[in-house]
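Dear colleague,

Please find the structure below, handed over for your reference. A summary of the findings follows it.

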Amino acid sequence: MDLEQRIAEILKKDSYNVYDLCEIVSILRSEKGCPWDKVQTHETLKKDFLEETYEVLDAIDSSSVEMLREELGDVLLQVVFHADIERDNGSFDLDDVSDEVCKKLILRHPHVFGDVDADTVDKVLTNWDKIKKQEKQQETYTDTLKSVPKNFPALMRAQKLSKRASRAEISLGDTESLCDEIAGAAKAIAQGDRDKLGNLLFMCATLAQATDLDAEQALMDTNNAFIESFEKLEASGDRLDSKNISELLNNEN
């Protein structure tokens, strides 16, 4: 079927499914397709993929079903686009992607698709981690640390590293000791030891892990609170330099 016929088949439809999406992407990336789409690579699309993912998170936070549906479609487009690039390279296609993730889900849920007993969330997660280590041939705890994606936001990655390190039964400190170390690092920074900043942020992420909090989410919430407080301060007519950071973050007026 030539390109014109393929386009005609798409245009006569009233609704579409994921395989129609694959066909549309293939048409766009064809020699006579869209000049922009056909020159894209995995590397050029990285930023777009990340931005679309964050837009899904915004949709979830806004509790908008319509927005979530749209943004999930944009993420699905990214998945299909990357799979189509590799289909042209002859390595895999969307069916192969689906096949692999289905097999992964079956393998990592032996309590559902097998005869393993796991009737609590903790047991499920323990089994998941054990199976994952076997899959990825991770023989040491260091291997699990190295597998944490380097492209994660730094604070998120720090907490993930702390979590995985704790599985090796290595104590990274209790809440009280971590708070003392954080205070010490903050003091060192104030005295000019700028190299301690990374240590301070990592210890804050570790403290979040120790107290069962999400460091990334906590900082995002504080970012939003900062904007709201700043807006109130600016609207009040007060001098913008009349508040320190603590007062501003705790401003409820």
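Which residues make up the largest nonpolar core? The model is a predicted one, in which local features need pLDDT of at least 70 and side-chain atom pairs count only at pLDDT 80 or more, while totals for chains, interfaces and linings use all residues. Residues are numbered from 1 along each chain as its sequence is written, and side-chain values use heavy atoms, with hydrogens and water left out.

The largest nonpolar core consists of eight residues, namely Cys22, Val25, Leu45, Val80, Phe81, Ala83, Ile85 and Leu94. A nonpolar core here is a set of buried Ala, Val, Leu, Ile, Met, Phe, Trp, Tyr and Cys residues joined through side-chain atoms within 4.5 Å, where buried means under 20% relative accessible area (1.4 Å probe, protein chains only). At least two residues of this core come from each of α2 (18-28) and α4 (65-89), and α4 gives the most, with four. Helices are DSSP runs of H or I, at least four residues in length, numbered from the N terminus. Beyond its neighbours within four places in sequence, Val80 contacts Leu21, Cys22, Val25 and Leu94 (contact means heavy atoms within 4.5 Å). A second, separate core has seven residues, including Leu178, Ala185, Ile189 and Leu200.

Turning to a helix pair, residues of α9 that meet α11 include Leu155, Ala158 and Leu161, and their partners in α11 include Leu201, Phe202 and Ala205.

Yours sincerely

Technical notes: Buried < 20%, exposed > 50% of the residue type's maximum accessible area, 1.4 Å probe, protein only.
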